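Colleague: Could you walk me through how to read an interface and its charged pairs? I would like the general idea, then the case at hand.

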Amino acid sequence: MELLAVFPPLLAFLLAFLLGRRLGDRFAQIVTCTGVVVAALASCALFIHVVFGNDMQGDPRTIVLMHWMTSGDFKVDWALKIDQLTVVMMCVVNIVSACVHIYSVGYMSHDESKERFMSYLSLFTFAMLMLVTSDNLVQLFFGWEGVGVASYLLIGFWNQKNSANSAAIKAFLVNRVGDFGLALGIFATFAVFGTVHMDTIFAMAPEKAALTYHFLGMDIHALTLICVLLFIGAMGKSAQLGLHTWLPDAMEGPTPVSALIHAATMVTAGVFLVARMSPVFEYAPTALMLVTLVGATTAFVAATIGMTQFDIKRVIAYSTMSQLGYMFFALGVSAYGAAIFHLMTHAFFKALLFLGAGSVIHALHHEQDMRNMGGVWKKIPATYVLMWIGSLALAGMPFFAGFYSKDIILESAFADHTWFGNYAFWMGIAAALMTAFYSARLLFMTFHGKPRMDHHTYDHAHESPPSMLSPLMILAVGALFAGFFGYESFVGSGAGASSHATQVVATENVVIEHDVEAPVVEESTHGHEWNRHAFWQDSLFVLPENDTLEGAHHVPLWVKLLPIIIGALGLLLGAVFYGWKTGLPQKVVSAFNPIHTLFYNKWFFDEAYHAAFVTNALRLGRAFWQGDKNIVDGLGPDGVANTSQRVAGVLSRFQSGYVFQYALIMILGLIALVTWMFFKMVTGQA
Amino acid sequence: MSDFSLSSLMPLAPELFLAVAGMVLLVVGAFMGNRSLRLISWASVVCYGIAAVMVVSGDGGRAETLGGMFVMDGYAELIKIFILVGLAVSAILSIQYLYQEQILKFEYPILILFSGIGMMLMVSAHDLLSLYVALELQSLSLYVLAAIRRTHLRSAESGMKYFILGAISSGVLLFGISLIYGYTGTTNFALIGQALGAEISLGALIGMVFILAGLAFKVSAVPFHMWTPDVYEGAPTSVTAFFALVPKLAALGLIARLVFEPFYPLQDDWVQIIWILSAASMLVGAFAGLRQENIKRLLAYSSIGNMGYALMGIAAGTTAGLSGLIFYMAVYMIMTAGTFAVILSMRRQDVNLEKISDLAGLSHHMPKLAYILAILMFSMSGIPPLAGFFGKFVIFQSAMESHLYVLAVIGVLTSVVSAYYYLRVIKVMFFDTPAEPYDGHISWGRWIVLAGSVGFILLFIISPSSLLDICRTAAVYLIPSSLS
């Protein structure tokens, strides 16, 4: 079962990649779709086993596939660590991936290299599964780089377009910064813990909590250092402020790629990493504060940019970045369950939005600019309805999936009662307003008003084929109901304060000793009650004093209501601005021109980076290049190369072809060896 | 010979089986003529498989037979497996080539088989006399193979050169053997070890130098390498492939047993000789290869250089070094098999091509083959994470542990130099102006070899320690832990 949930995509990738060209597009499409669908079904079954197995106590397991490498104390296995956190991720990845695979059959039907596209998608899925099932940091890094490669290949999939190539390179380079942080984090972990095996690290984390690291005359708290480095890795992959510039450009890739990689799965790898490492992060409060601040700021800044963009995919991209910010500040206030909850609901509604946008783009002959859309809702009614569902979920309207997860995040932030918790709360509220606003803006600009495209395009606008709409339906079901059904499991309140406290303490002890005893302790404290503790068991770890999720259930009423009100207000404003009084946006823009310019130009991050890094790097590179060519090359490589060639010439002259000369050289060599031995023996004895 | 019984020959069973099989095949060939070439080739492959099973199913312990002339232990077992794999691959690679080039001689696979028996006896030799007989059985078959295309001038010439120089090296070897016998009074490895342990005489030392020099010819270590480029170039390509794959593994296996068993008391001395051979081979292999235009000649120099690296493992004189050597040779054999499978497929208008420049445009016409060769060349030049990198890594590591710093530095530097000619092959394939396409057909046997070779190189990283552990276990048989 475990193998069936992980390896079919790999098999599908190999078959489609190696044989796709020979056996045709249809073969590649069938084999890759089958692969992920099988994996998706297997991971759903696995979810039931792991979460509800063992008499509702949960049945996490680790399967060692084989030994990978040993070097001194350094031991790594290939393993599948399947616990509650992993199965949630596996379900999300496989289900969304299956939808995207099927969708791509229709979306890419006019493309020339379908088999390449499908095989890359499967490769990505496999790498992502490797990432989430890893039981050690090295295998995780393998998956991490694997998704990076797949992302690079898919962003640059239309490699005849210059912009796609440069976007791919940009994504790769920016991610490199983050990956470097992650690699350093893994090195630091090994230096501190002496292992990269996760369970061992988690067991040792409490005793290392006080350890400091002496570096450059400063005493650095070791776990904080590790966590900050790991978080830098997470920032790169999850496009947090500072390392986010690649994500909007990544929209150069085909839309299914944007949906799968740059909205639903890969960009959430950072969130997963922090949640996975929660037993370490819990002992590094400074790092958690940093996570909160970065996350909250990202949520706000990305939302401001999202309000001003005109490219439909870019709007959704910035919205993704903003939602990732939410997840991160949830992690920062120790509400790991809420973050993963939002990760899951977000995967559904954001994939839905992206694929819906893809359907619009498909209908309008690859038009992406919202200024050239409008009025098409009659032409593509199904897409229109689905986009509404996705947008309402994103805006956090009651009873849609996003409502449950976003609310609990905001409540947790409020319940944290620290200054950065409050900062995150208010930033989150502001971002929620803007999120609702740009969702409405997107809907009204795209579907309502007068058609702004030319007649030809409007007349030919057509609804997408069933192969594209059916995955959208599945995702829409997720966007509608995932929140309601997941709420109790992911973030539900503990059974009263007292039993909850013992449970957390018990969990802590159990984590230290071994997880075999966990079920016994659990049963004695809170029986069969179903809530987040019963769901997550030991896969997430929270110190008792940090348990904001419990606090989130006891916040004042206005905190619970505020997000809904704000969301409704945002939607209303958006409707007024872009549905009713369409002249209003222009007036507002001219009234707040400097701010709009700032937002519209994405806070000038790209320009600043260009000025600070790219130009200087180029200048430095050019300087080195000149110096290198004239000085270093002349003396070093070129000189050595010339000498080598000369030596080669001399040696080949020995190779005359005459047997007697060869024999002579052999005998001379023999004499030389004997003489050397003789000389040594005689002098050695003397 | 009163204690002679059939069961005492059990350790010898695989060799005996192959010998009988070889004679049966010879009879078959004599009756059916040259049209039975394909049948005999595949039959010999099956025989190698059976022999491999027999080798594996031995009890694994150490056993001597033939009055101490022959020894079977875990070390010999592993090397014999590699040899049998190499023999089978050589036979598979040859078939299509022999038919294309019209070298339809049924003796061809049988000669490979007999030389194979010689090699297997070499790694099990436990007496200077059995060593010599095994070596000659192997060498004589190789001489004939080199000249098997006797109507072609170059093939005949290379066979002749190989034979004359081989005869000289045999003379040197025999002279060394007689010196050892004269100064220790025995030819048995264990007894020689005891005698040298008691007293080291100058004569025995000189004898050892002669023996090592004679064997250095077989592994084409500098300065006994001069035959290699000419023979590699002159012999039919399938024979060259065979030369590159197997005999050197056997000869290195033999050298390792010699220096660690009878000559172990002389370690201080043989380390220096091996050191010189190793350094010289690496240097010549790297630099002389730079100017080569013929890919077979290039691979000759490449093999000289690689023998230098392998000898470094022996010079280290430890379990780590010896297991590194076995591992290195296994990886080298696999990479070479893949490379020759590509070279054998370089045909245009029914003529086999040998120039490096003939590879131009391969990426255009046969991208799969080009990528395979590119991976092989990257692996040969030692780029991680391919298997070739680990081969070099293990060897260098063992040399550093034995404080052979200078040798290790030479090794690293020469591998940089030799990277030039490996990478040049890639450059020609991918970036030079495409030439005419090749004749397309590649037999499935060759595809299997290619897939196996590249698959191993690429996937080795998934579980590096499994093969390394096997090599280490084998090495321990030769060097008991107390010695290392």
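Modeller: Happy to: we will take the interface, then the salt bridges. Keep in mind that this is a predicted model.

Colleague: Thanks! Let's begin with size. What area is buried between chain A and chain B?

Modeller: The general idea is that the size of an interface is often given as the accessible area lost when the parts come together. Here, chain A and chain B bury about 3,300 Å² between them, and carbon and sulfur atoms give 74% of that area. In residues, 31 from chain A and 41 from chain B take part in the contact.

Colleague: And how many residue pairs are in polar contact between chain A and chain B?

Modeller: Eight residue pairs are in polar contact there, with both partners at pLDDT 80 or more. On the chain A side, at least two residues each come from helix 2 (8-23), strand 1 (61-71), helix 30 (637-654) and helix 31 (659-685). Helix 31 of chain A gives the most, with 15 residues.

Colleague: How do the residues on the side of chain A that touches chain B divide into nonpolar, polar and charged?

Modeller: That side of chain A has 22 nonpolar residues, seven polar and two charged.

Colleague: Let's look inside chain A. Which parts of chain A does the pair Lys560(A) and Glu411(A) tie together?

Modeller: These two side chains form a salt bridge at 3.9 Å, N to O. Lys560(A) belongs to helix 26 (residues 557-580) and Glu411(A) to helix 18 (residues 401-415), so the pair joins parts that are 149 residues apart in sequence.

Colleague: Is Glu411(A) buried or exposed?

Modeller: Glu411(A) counts as buried because its relative accessibility is 4%, under the 20% cut-off. Lys560(A), with a relative accessible area of 26%, is partly exposed.

Colleague: What about chain B: how far apart are the closest N and O atoms of Glu64(B) and Arg62(B)?

Modeller: They are 3.2 Å apart, in a salt bridge. Glu64(B) is partly exposed, at 42% relative accessible area, and Arg62(B) is also partly exposed, at 44%.

Colleague: And which residue forms a salt bridge with Lys161(B)?

Modeller: Asp230(B) does, with the closest N and O atoms 2.7 Å apart. This pair links distant parts of the chain, 69 residues apart: Lys161(B) is in helix 6 (residues 153-184) of chain B, and Asp230(B) is in helix 9 (residues 227-234) of chain B. Lys161(B) is buried, with a relative accessible area of 6%, and Asp230(B) is buried as well, at 10%.

Colleague: Which residues are linked with Lys161(B) in a network of salt bridges?

Modeller: Besides Lys161(B), the network links Arg154(B), Glu157(B), Asp230(B), Glu233(B) and Arg297(B).

Colleague: One last thing. Leaving aside neighbours within four places in sequence, what is Lys161(B) in contact with?

Modeller: With those neighbours set aside, Lys161(B) is in contact with Asp230(B), and also with Gly657(A) and Val659(A). That brings us back to the interface where we began.

Terms used. Residues numbered from 1 in each chain as written. Chains lettered and ligands numbered in written order. Predicted model: local features only at pLDDT ≥ 70, side-chain atom pairs only at ≥ 80, totals over all residues. Heavy atoms only, no water. Contact = heavy atoms within 4.5 Å. Buried area = accessible area lost by both parts, 1.4 Å probe. Polar contact = N/O pair within 3.5 Å; in protein donor to acceptor, adjacent residues only side chain to side chain. Helix = DSSP H or I, 4+ residues; strand = E, 2+ residues; numbered from the N terminus. Nonpolar A, V, L, I, M, F, W, Y, C, P; charged D, E, K, R; others polar. Salt bridge = Lys/Arg side-chain N within 4 Å of Asp/Glu carboxyl O. Buried < 20%, exposed > 50% of the residue type's maximum accessible area, 1.4 Å probe, protein only.
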